[in-house]
Each structure stands twice: as structure tokens, then as C-alpha cells.
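Hi,

Here's the structure I promised to pass on. Have a look at it first, then read my notes below.

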Amino acid sequence: MSTPFRHTEPLPPRSATGTVAEVYAQIALDFGIAAPATFVVLSSAPELLAPTWALMRESLIAGAGDRTGKELVALGVSLANKCPFCVDAHTVLLHATGDHALAERLARGEAPRNEEHARVLAWGRHTRVPGAALMPYPFPRAHAPAYLGTALTFHFINRIASALLTENLLPAGAQRLRAVRSLAGRTLARTVRRPARPGTALALLDHADPGEAPAWAGGTPVGLAYAALLRAALSGADLLDTDDQDLVEDVIQDWDGAHPPLDLRGLPDRRERPGARLALLAALAPYRITDEDVAAWRRPEHTDHCLVHLVAYGAFVAVDRIESALSAQIIHQAT
């Protein structure tokens, strides 16, 4: 039987215990799907799974603002990152909000008719480019923590999904059929439209050292969730030696948001620096990670837990680059 997972073999959700089981329970309640593959694939690293869910929940689901608008941001980010799995997921979730005509226009590759929707979608797409002009916001300033958190959440989740999942949201790509998309969305409608109390996911986090919440989060639960995910994801740097860490961070510091060329020039050879190559691919083009890339890096001591952490590290170095440029822009606007 085929599975949606690439390069890892997560344990079946029914065998989950501890933090993983608690996260799955919240996902089922607040997201409406018992064990979505985007989270199951992180289950070998509960310390990553919990803050990833917390950031998504506290921004997209429980954060301030219109759910349709935040789904458009998530969709724009997913389009910019070339993540078909997530593009299809957010098209289905737009159906769940009741915006069926909008969902189908976007599924056909057409622009939204509503100018406000078009601006929000374009804003989400532009967030891939560090330093892109993202202000003034196409949404109320009071809703910025949730919208910014949503964008950053999916810059991370897109990379995890593209690296470690196949492209099919549903078996055999059934989500590409209009009737299936619509039906899937309608089954989630009640959950998507139900208000969620902010802060609930924070109880799942490791509070020993939550880290400093970013100023843009404005004291909302989004900030603590972001800080926790940053701390957990960047810990994956320990899987690389100092020279490889420096290479990854130097390349991403100079990154302009572009997708790498087909020949992947500028990336290290898998035979010479396989860990750095994997991390950089996770940051820049996770959909280009191959079985050969993973095999070149893996050693007997490299479990699925290690691979998930290395991919998460590369993914979050890119997220951090985007977030740092955005924070600098916000500070500049305020002075």
C-alpha cells in the first residue's frame, strides 16, 4: 500500500503516546482532520511537531482576522514555494470557508475577482522574497500577528511537505477533481467556521526555555509559538559540523527568494558535503531532494528523527531569513 511519506516511515497515528497523542487530539478537534500527513511526518520529532502545530493553530485557526484571508495568504505562500500538496490543501480549505467560487477560480489558475482577495493572495506570494515591500498590509494592522504568523508557518510547512511528502493530498490525486475538492471542503466546514480559543496549543510546548517572542506578534500566543519553533528547528544545526553550518547560513543570508537553476550550481556536491546539500535544498528547493541526496547523508546512526531535524533546520534557516527581513521592514516603518 502506498503512503504519502518520502524518506521516512512515521509510526501509525494510532500508536501515538505522550505529546504526539496530545497534538493529534488538538488537531482533530481544531483542524478537523484526525492525523494530517503534514504533521504525522514530524511525529518522529515531537519537539518539532508540537510548536509547528502551535504556530499554525494560533495564527491560521485561532488568530485574529478572516479565515478566508489567512487561507489566501497560506495559498500565496504555497504557490511561491511551488508546493502542490499545500496548494491543493488550501484550495480545499477555501471550500470549507464557504468561498466555493473563489476556491475554483484559484484551482483554475485564475485571479480572484475581489480586489482585496487578490491583494492578500499577492502579499502571501511576495513574502518568499526577503526584503520585498510588504507594507502597507492588505489586511487590518490589528490582524498582523495572525497573518504574519500564517505566512511564516507555511514557509516552514511547505518545505517539510515538499521534502518529505509526495504531491498527492488524497490517494491518486483525487483532490484535483472539482467534486472531490468541494466535498472534502464541506466535510471540514463546521470545524473551520467554529471559533477557536487563542492560546490552547501553548500548553503543548516545552516551557523550560520558550525563547523570546518577536515584536511583530504583539504579545499574542503566535509569538511564543514562533519562538518555540525557531528554537526547536534551529537545534538541527547540531547535525552539521561548523563549516557546513557556516556554509548553509552564508548562502541563505545572500538568498534573494529565487528558486535554484536546474543544474543546482552553487550547492555542494552530495558526495562531498551531503548534510549541507540537504539543508540547503530544504531551504531553497525541497521538492528537488532525491533518494540519492538522502542516501549520501544517511549513516546507521541517522534515524528518521535526525532526518526530520536536518530538513527542519534547513527549512527554518530560510524562514528566519524571511522573518528577519520582515522585522527590519516593520521597525523601519515605525521609526
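Which helices do the buried residues of H6 pack against? They pack against helix H4 (67-80), helix H5 (84-97), helix H7 (115-126) and helix H9 (178-193). Contact here means heavy atoms within 4.5 Å, and buried means under 20% relative accessible area, with a 1.4 Å probe and protein chains only. Helices are DSSP runs of H or I, at least four residues, numbered from the N terminus.

Before going on: this is a predicted model, where local features need pLDDT of at least 70 and side-chain atom pairs count only at pLDDT 80 or more, while totals for chains, interfaces and linings use all residues. Residues are numbered from 1 along each chain as its sequence is written, and side-chain values use heavy atoms, leaving out hydrogens and water.

Back to H6, which covers residues 100-107: Leu 102, Ala 103, Glu 104, Arg 105 and Leu 106 are buried there. Just after H6, Gly 109 has a positive phi of about 80 degrees.

Now for another pair. Helix H12 (residues 274-284) packs with helix H14 (residues 304-334) at an angle of about 55 degrees, their axes 7 Å apart (axes are lines fitted to C-alpha atoms over the stretch in contact, and angles run from 0 to 180 degrees between N-to-C directions). That angle is why H12 counts as oblique to H14 (under 35 degrees is roughly parallel, over 145 roughly antiparallel, 65 to 115 roughly perpendicular, and the rest oblique). Residues making this contact include Gly 275 and Leu 278 of H12, and Leu 307 and Tyr 313 of H14.

Cheers

Note on methods:
Buried < 20%, exposed > 50% of the residue type's maximum accessible area, 1.4 Å probe, protein only. Helix = DSSP H or I, 4+ residues; strand = E, 2+ residues; numbered from the N terminus.
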